[in-house]
Amino acid sequence: MATLKIQNTLGNTKEEFIPVDSSHVRIYACGPTVYDYAHIGNARMAVVNDLLVRLLRRLYSKVTYVSNITDIDDKIIEAAQNAEAPFQELTRKFEKIYNEDMSALGVFLPDVQPRATEYIGDMIGLTKKLIETEYAYEKDGHVLFHVPSFKKYGCLSKRDREEQILGSRVEVAPYKKDPTDFVLWKPSPDPLPGWDSPWGFGRPGWHLECSTMSEKTLGLPFDIHSGGMDLTFPHHENEIAQSCGAHNKADDPRYFAKYWFHNGFVIVDGEKMSKSIGNIKLVHDLINNYHGEVLRLTLLSAHYRQPLNWTVNSINQNNAMLERLYRGVKELNKIEASSKGYDVPDSIMEALCDDLNTPKALAELNLLANSISDASADEKKKIKGKILATGKLIGILQEDPDKWLGYGYSESLDSKTIENLIKKRNEARRDKNFVLADSIRDELKNKKIEIEDTKDGTIWRSIE
RNA sequence: GGCUCGGUGGCAGAGUGGUUAUGUAGGGGCCUGCAAAGCCUUGCACAGCGGUUCGAUUCCGCUCCGAGCCUCCA
C-alpha cells in the first residue's frame with residue numbers, strides 16, 4: 001500500500017501522514033461563510049478536500065470529515081440588513097445552495113457540517129478558559145486574545161510579530177493591549193444579532209468558531225486541518241493560539257491539529273477574482289453551462305497548491321480529455337469488467353498519495369486509456385475495472401458514456417425521424433448516390449445530430 | 001518593507017542531476033465513397049546570467065518577471 005505524504009504548512013515540508021489514531025482519522029476543513037453564492041475558489045477547496053477524504057477512506061477504515069458552515073459574521077449581518085431579512089433566513093438559503101452546488105461537482109457532504117450559531121455556548125466556554133489560562137482579557141465588553149502571551153504565535157505562517165506591527169496598515173483599536181491582539185468576543189449593539197455572555201450581549205470573533213467546532217466534533221488533537229491558503233494568516237494562526245492556549249499547550253502547536261493542508265487560489269483569466277473586476281465565477285452559473293465533472297476535472301487539473309488559472313480554454317481542454325476518456329469507457333462497455341476486483345492502479349494511488357498529485361494521476365489514467373487500443377479482450381477487462389475504479393475514486397466518469405457522448409439522445413428530433421433519415425442515407429450510399437447521402441448527413445448535422453459509420457452500422461449522437 | 005510560492009513546448013500541466021510525462025491544439029499518415037470516431041506519427045520546452053558537476057531544465061547564487069499573504073477573503 002502506498003503511504004500518504006502531504007505538504008504540512010506547519011513546518012512547510014512534505015511529511016509522511018501518520019494519523020494520531022490510525023483507527024479513526026479525523027479531518028476538519030474551514031467551510032464557507034454563507035451570505036452569497038459559492039464561487040469557483042470555494043469549489044476548489046471543497047473538491048480538493050473531498051478528494052483527500054476519498055483517498056483517506058481508501059487508506060483507513062474510519063474517517064470523519066468535518067467542514068463547518070459560518071453562519072454568523074459581519075458580512076452576513078451586512079447582507080441580511082441589505083436584504084431586510086433575518087440573517088438566519090439568508091444563511092439557511094445559501095447553505096442549501098452551497099451544498100447543492102458542491103454536490104453537482106461530485107462533492108460528498110461532510111460527515112458533520114456544524115453551524116457556528118449552534119456552538120455559541122461552547123465558544124463562550126472556550127473564551128472563559130482562555131481568560132482562566134490568562135491568554136485572554138476582557139476590556140469594554142470585548143474579550144481579546146493577548147498575542148504576546150503566546151510564544152509560538154506565528155509558527156504556522158512564519159510571521160514575525162514585530163514586523164507585523166510595523167507592516168500593519170490598520171489603526172489599533174483602543175481596547176487592545178497589543179496591536180496584534182485579536183477579538184474572541186465582541187459586543188453586539190442592539191439591532192444586531194447576538195447572545196448573552198458573561199461579558200454582555202455580543203457575538204463571537206471569526207476565529208473562535210473553528211477552534212470550538214473542531215474540538216467539539218473531532219476532539220484534540222485531530223489529524224488534518226485544511227482550508228484555502230489565505231486562511232493561514234490570520235485565521236489558522238489564531239485558531240492554534242486559541243486551542244493550544246485554552247489547553248495550556250502553548251509549546252505544542254500540534255496539540256490542536258497535526259497537519260495543515262492549504263490549497264492555492266483560483267485566478268480568472270490571469271487576474272485575481274474580485275468583485276471590483278467583476279470576474280467572480282459562481283459555481284451556480286457554471287453548472288448551467290458545463291457538466292459538474294468537467295468543472296471538477298478542471299479544478300483537479302493543476303496541483304492543489306499551485307494557482308489555478310480558470311479560463312474557457314482550460315475548461316474546454318479538460319472537457320475534450322473527459323470526452324475521450326468516456327469514449328474509452330464506451331469502447332470497454334462491450335465487454336464485462338473484470339470481476340477479479342481490478343482496482344485503482346498502483347501508479348495512480350502512488351501519484352495521489354504523493355501530496356495529492358492529481359495531474360500525475362490523470363496522466364496515468366490517460367496512459368491507461370491509451371492502452372485500450374492494443375489490449376487483448378482479457379486485458380481490456382482489467383483495464384475497464386481499473387478505469388472505473390479510478391473514476392469512482394476521483395469523482396469522474398460516473399455517467400453513462402452513451403449519455404455523456406450524446407448517443408441516442410436528441411432534443412431537436414425524435415429518434416424515429418433520425419433512424420429513418422439514416423436508413424434513407426444508407427440506401428443512397430448503397431446506390432452510390434453520395435450527393436443525396438451527404439445532404440442527409442448535412443441535414444442531420446444542422447439539427448445537431450452527428451452520425452458515425454461503424455463496422456456495426458451507423459450510429460448517431462447529439463452534439464452541442 | 002517582511003514572509004511564502006512560481007516562471008517548462010501554441011495552450012494546460014507534472015516531473016527528473018544523464019534515458020526529453022500527460023492532455024489539448026496543430027502538421028503528416030492509416031481507416032472511410034466522403035465524413036465522424038479511432039489509431040499511428042510528428043514537435044529537439046524547461047525566464048536570463050554565473051557557479052558546482054564528467055554532465056543541470058533539475059542543485060547553489062544573482063538578475064528580471066509573475067502570484068499570494070501581511071486588512072475581510074477559499
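Predicted model: local features only at pLDDT ≥ 70, side-chain atom pairs only at ≥ 80, totals over all residues.
Where does proline 221 lie? Proline 221 is found in the loop between helix H6, residues 208–218, and strand E9, residues 222–228. Good morning.

Chain A is divided into three parts: domain 1 covers 5–263, domain 2 covers 268–404, and domain 3 covers 406–462. Taken over C-alpha atoms, the centres of domain 1 and domain 3 are 58 Å apart.

Let me now turn to the peptide bonds. Most peptide bonds are trans, and most residues other than glycine have a negative phi. The bond that joins leucine 220 and proline 221 is cis, with omega about -10°. A cis bond also leads from phenylalanine 233 to proline 234, where omega is near 0°. Proline 234 belongs to helix H7, which spans residues 232–246.

Next, the phi angles. Glutamate 84 is not a glycine, and its phi is positive, near 50°. This glutamate 84 sits in the loop between helix H2, residues 74–83, and helix H3, residues 87–104. Glutamate 84 counts as exposed because its relative accessibility is 75%, and the cut-off for exposed is over 50%. Aspartate 269, again not a glycine, has a positive phi of about 50°. Aspartate 269 is placed in the loop between E11 and E12. With a relative accessibility of 54%, aspartate 269 counts as exposed.

Three strands form an open sheet with mixed pairing, in the order E12-E11-E13. Strand E12, 271–272, and strand E13, 308–310, are the edge strands, and each pairs on one side only. Strand E11, residues 266–268, pairs with E12 in the antiparallel sense over two bridges. Valine 268 has glutamate 271, in E12, as its bridge partner.

Finally, the cysteines. How many disulfides does the structure hold? The number is zero. As to accessibility, cysteine 210 is buried, at a relative accessible area of 2%, whereas cysteine 155, at 22%, counts as partly exposed.

Thank you for your attention.

How values were computed
Residues numbered from 1 in each chain as written. Chains lettered and ligands numbered in written order. Heavy atoms only, no water. Domains from an automatic or database assignment. Disulfide = S-S within 2.5 Å. Buried < 20%, exposed > 50% of the residue type's maximum accessible area, 1.4 Å probe, protein only. Pairing = 2+ DSSP bridges. Helix = DSSP H or I, 4+ residues; strand = E, 2+ residues; numbered from the N terminus.
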